[in-house]
Amino acid sequence: MTRLFPIFVDIKDKKCVVVGGGKVAERKIKTLLRYGAKVTLVSPEINENIRRIVEKGQIEYIKKEYDKEDIKDAYLVVASTSDEKLNSQIAKDARFLINCVSGKCSLNTNGLLYNVPAILNKGDLTIAVSCEFPSLSRVIKDEISEIYGREFALYLKYLKKLRKEIQKKISDSKRRQAIFKMIASKKVVSILKQYGFKEAKKEVDRIINEI
């Protein structure tokens with residue numbers, strides 16, 4: 001397996017085209033929507049779960065067979081049909097980000113081929129796990145989820161607000177950086193894991209008062 005370069009891409013309000021109407025397409029659509037994409041679905045048929053998404057107005061649905069014109073202005077394309085030849089053709093037509101469910105697409109694409117990893121979300125914390133075996137990636141993701149629980153979502157939300165306050169109140173950049181480093185230290189993370197958000201917040205308050 002080729003070693004893949006891990007990146008995070010902002011797809012909020014970007015046009016993302018999914019080709020296919022089955023379970024795989026459904027899963028891809030839900031993931032794209034979770035990250036704020038404007039999803040267009042191209043497929044002659046769709047399953048009932050996708051139909052409900054369409055009826056809610058969450059995506060644009062074009063009921064037709066695929067044509068390369070369907071993806072000409074797409075920021076990201078997902079080829080998720082059950083036809084390997086069609087998926088390969090979509091990959092060949094794509095000019096930017098292309099996710100293809102058929103392994104052979106990597107040999108026949110002009111776009112930037114990417115894989116979707118196992119994704120863990122805890123508020124503003126996103127952890128992605130990828131390896132050659134997706135089932136193993138999911139197992140590792142689940143184990144990480146047990147380590148980084150809900151308290152991290154709460155802590156990141158708190159830090160986001162706190163950072164703005166620190167930037168507003170403290171003009172000395174070196175002092176600001178010292179505070180940022182300490183409130184994201186291994187010590188604070190350890191307290192967060194063992195004792196929860198409230199105790200970690202107490203430690204952060206102590207740090208700020210002492211600096």
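Ile 90 is placed in helix H3. In this predicted model, Ile 90 is buried, its relative accessible area being 0%. Beyond its neighbours within four places in sequence, Ile 90 makes contact with Val 19, Tyr 66, Ile 71, Val 77, Ala 79 and Ile 98.

The chain as a whole was examined next. Eight helices and eight strands are present in the protein chain. Its radius of gyration is 22 Å, whereas the globule rule gives 17 Å for 211 residues; the value is well over that figure, so the chain is more spread out than a compact globule. The C-alpha trace spans about 65 × 35 × 35 Å along the principal axes. The domain assignment divides the protein chain into domain 1 (15-116) and domain 2 (150-210). Taken over C-alpha atoms, the centres of domain 1 and domain 2 are separated by 41 Å. Of the 211 residues in the protein chain, 35% are buried. When contacts between residues at least 6 apart in sequence are considered, 42% of them join residues at least 24 apart.

Within the range of domain 2 (150-210), Phe 180 is found in helix H6, which comprises residues 173-183. Phe 180 has a relative accessible area of 19%. The limit for a buried residue is under 20%, so Phe 180 is classed as buried. With neighbours within four places in sequence left aside, the contacts of Phe 180 are with Arg 163, Ile 166 and Gln 167. The C-alpha atom of Phe 180 is separated by 46 Å from that of Asn 87, a residue 93 positions away along the chain.

Aromatic rings were then considered. Three aromatic pairs are counted in the model. In one of them, Tyr 148 and Phe 152 are arranged edge-to-face, with 4.8 Å from centre to centre and 70° between the planes. Tyr 158 is buried at 14% relative accessibility, and Phe 197 is partly exposed at 22%. Tyr 158 and Phe 197 belong, together with Tyr 155, to one aromatic cluster.

A charged side chain is also placed against an aromatic ring. Lys 14 lies over the face of Tyr 75, at a distance of 5.3 Å from the ring centre. Asp 13 belongs to the segment before strand S1 (15-19). The phi angle of Asp 13 is near 65°, a positive value in a residue other than glycine. Most residues other than glycine have a negative phi. Asp 13 is partly exposed, with a relative accessible area of 48%.

A disulfide is a covalent bond between the sulfur atoms of two cysteines, and the structure holds zero disulfides. Cys 16 is buried, its relative accessible area being 0%, whereas Cys 131 is partly exposed, with a relative accessible area of 27%.

Definitions and conventions
Residues numbered from 1 in each chain as written. Predicted model: local features only at pLDDT ≥ 70, side-chain atom pairs only at ≥ 80, totals over all residues. Heavy atoms only, no water. Phe/Tyr/Trp six-rings, centres within 6.5 Å; stacked < 30°, edge-to-face > 60°. Buried < 20%, exposed > 50% of the residue type's maximum accessible area, 1.4 Å probe, protein only. Lys NZ or Arg CZ within 6 Å of the ring centre and 35° of its normal. Disulfide = S-S within 2.5 Å. Domains from an automatic or database assignment. Helix = DSSP H or I, 4+ residues; strand = E, 2+ residues; numbered from the N terminus. Rg over C-alpha atoms; globule rule 2.2 N^0.38 Å. Contact = heavy atoms within 4.5 Å.
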